[in-house]
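Please keep the structure in view while reading.

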Amino acid sequence: MKVAPARGCPSIRGVAMFAQVIHGPVTDAPALQALGERWVAELSPGASGWLGSTSGVTSDGTFVIFAWFESAESARRNSDRPEQGEWWADAAKCFSSEPAFGDYDGVIVVRGGGAAEAGFVQVMLGQTSDPGRERELSELFAQQDPGLRADILGGLVGISDEGHFAQAFYFSSEAEAREGEKQPMPAEFAESFAEEQQLITEMRFLDLTEPKTYLA
């Protein structure tokens with residue numbers, strides 16, 4: 001397993017990716033993070049099609065797991081393994097209420113995708129009024145020159161047919177991310193950015209200041 005400093009995601013070379021996002025309030029974040037490390041060490045070798053995962057806890061105690069696979073079928077095979085069920089039974093005990101699950105096919109990869117060396121990851125969960133157009137605009141951003149928001153190491157964007165979306169963007173540090181947010185938007189991208197903001201009807205930011213990212 002590569003836990004650092006290797007970067008990149010196989011999907012950038014054409015794999016049709018699937019992502020699952022789990023989030024919810026936790027009572028024992030260290031225990032859940034330790035379970036995540038055990039999953040990588042003991043269960044990931046048998047998880048065919050697993051490509052990587054990022055996890056962490058926000059300042060308000062919300063735990064987030066963003067995992068990506070080669071396909072929905074490979075994710076389903078992993079979920080069906082008895083050892084996965086046993087692991088999840090232990091993980092579920094760390095949440096103070098039932099966590100929420102989100103499934104996303106055809107994940108859009110921005111630059112290097114998940115970045116193991118990132119010191120800060122911003123996860124955004126929300127709803128768009130036009131998932132088709134949201135996908136077009138997200139793909140347009142993914143194709144932009146790296147000089148636009150050079151602070152972004154990589155990103156993953158999932159949009160469901162129902163309009164739910166999940167995004168994870170990777171940065172070296174929170175300070176660099178905040179500085180990047182202050183940069184003026186280039187004129188050639190300002191219009192599409194404004195359009196995307198109008199399409200978003202709901203948005204929640206989940207900032208991970210101590211993220212753990214593992215790549216297969």
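Valine 123 has leucine 206, in strand S9, as its bridge partner. Strand S6 (residues 120-128) and S9 are joined by eight bridges and run antiparallel. Strands here are DSSP runs of E with at least two residues, helices are runs of H or I with at least four residues, and both are numbered from the N terminus; two strands pair if DSSP finds at least two bridges between them. The model is a predicted one, in which local features need pLDDT of at least 70 and side-chain atom pairs count only at pLDDT 80 or more, while totals for chains, interfaces and linings use all residues. Residues are numbered from 1 along each chain as its sequence is written, and side-chain values use heavy atoms, with hydrogens and water left out.

The sheet that holds S6 and S9 is open and has five strands in the order S5-S7-S8-S6-S9, with antiparallel pairing. Strand S5 (108-111) and strand S9 (200-208) stand at its edges; each has a single partner strand, so one side of each lacks a neighbour in the sheet. From one strand to the next, the twist averages 15°. Angles run from 0 to 180 degrees between N-to-C directions, and axes are lines fitted to C-alpha atoms, for helices over the stretch in contact.

Helix H4 (residues 131-142) packs on this sheet and touches S5, S6, strand S7 (152-159), strand S8 (164-171) and S9, where contact means heavy atoms within 4.5 Å. The direction of H4 makes about 25° with that of S5. Helix H6 (residues 187-199) lies across S6, S8 and S9 and runs at about 100° to S9.

Is glutamine 122 buried or exposed? Glutamine 122, found in strand S6, counts as buried at 9% relative accessibility. Buried means under 20% relative accessible area, exposed over 50%, and partly exposed in between, with a 1.4 Å probe and protein chains only. The side chains of glutamine 122 and aspartate 207 are joined by a polar contact of 3.0 Å. Such a contact is a pair of N or O atoms within 3.5 Å; within protein, one must be able to donate a hydrogen and the other to accept it, and residues adjacent in sequence count only if both atoms are side-chain atoms. Residues up to four places away in sequence aside, glutamine 122 touches several others, including Phe169, Arg178 and Glu181.

Another open sheet has five strands in the order S4-S1-S3-S2-S10, again with antiparallel pairing. Its twist averages 10° from one strand to the next. Strand S1 (residues 18-25) is joined to S4 by six bridges, and phenylalanine 18 stands opposite aspartate 105 in S4.

A search of the whole structure finds seven aromatic pairs. Rings of Phe, Tyr and Trp (its six-membered ring) pair if their centres lie within 6.5 Å; planes under 30 degrees apart count as stacked, over 60 as edge-to-face and the rest as tilted. Two of these pairs are listed below.

| Pair | Centre to centre | Angle between planes | Class |
|---|---|---|---|
| Tryptophan 39 and tryptophan 50 | 5.2 Å | 70° | edge-to-face |
| Phenylalanine 66 and tryptophan 68 | 6.3 Å | 70° | edge-to-face |

Tryptophan 39 lies in helix H1 (residues 29-43) and tryptophan 50 in strand S2 (residues 50-57), so their pair ties together parts 11 residues apart in sequence. Tryptophan 39 is buried at 7% relative accessible area, and tryptophan 50 is buried at 6% relative accessibility. Phenylalanine 66 and tryptophan 68 are buried as well. Elsewhere, ring pairs link Trp87, Trp88, Phe95 and Phe101 into a cluster.
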